[in-house]
Amino acid sequence: MADAPCPCGCAAPAGARAHAVSAALAIDDLDVAIEQGLADIEACPACTPGCRRRLLGAKAGRLAAWAARERHRAREARLRRLAAARAARRAMPASPGGESKRAPLPGAA
């Protein structure tokens, strides 16, 4: 798809890669756009302003989605670690003699 025409009609050879990504986005094929390098693409300076805006907007949107996915994965990992630590604390054996390690409540309680 590297020789796909740009949706705006631009045929500048220097923007061939950007044109391929724009063409994939025009037919709503995000997978091909990503394979063509959407994440690190620079817009073709010869394309129309609207075409450049669509390309860079799609790039920004995808980068934001990937960043959100990484934040979600990090949060899930953090919650799993906290849950495991909590479960380990709850599973601690009682001290010898069957008494709890906690101090008894004062008589007024």
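Let me begin with a convention for residue classes: Ala, Val, Leu, Ile, Met, Phe, Trp, Tyr, Cys and Pro count as nonpolar, Asp, Glu, Lys and Arg as charged, and the others, Gly among them, as polar. What you see is a predicted model, in which local features need pLDDT of at least 70 and side-chain atom pairs count only at pLDDT 80 or more, while totals for chains, interfaces and linings use all residues. Residues are numbered from 1 along each chain as its sequence is written, and side-chain values use heavy atoms, with hydrogens and water left out.

The protein chain has three helices and zero strands, where helices (H or I, at least four residues) and strands (E, at least two) are DSSP runs numbered from the N terminus. Of the 109 residues in the chain, 21% are buried, and here buried means under 20% relative accessible area, exposed over 50%, and partly exposed in between, with a 1.4 Å probe and protein chains only.

If we leave aside residues up to four places away in sequence, Ile41 touches Arg17, Ala18, Val21, Leu55 and Lys59, a contact being heavy atoms within 4.5 Å.

What lines the largest cavity? The residues are Ala18, His19, Ser22, Ala43, Cys44, Cys47, Cys51, Arg52 and Leu55, and by class this lining has six nonpolar, two polar and one charged residues. A cavity is a set of points, on a 1 Å grid over the protein atoms alone, where a 1.4 Å probe fits but cannot get out, and lining residues have an atom within 4 Å of a point. Both α1 and α3 supply at least two residues of the lining.

Finally, please look at Asp28, which is placed in the loop between α1 and α2. The phi of Asp28 is near 60°, a positive value in a residue other than glycine, and Asp28 counts as exposed because its relative accessibility is 70%.

Definitions and conventions: On a 1 Å grid over the protein atoms alone, a cavity is a set of points where a 1.4 Å probe fits but cannot get out, and a pocket is an open set with protein on both sides within 12 Å along at least five of seven lines; lining residues have an atom within 4 Å of a point.
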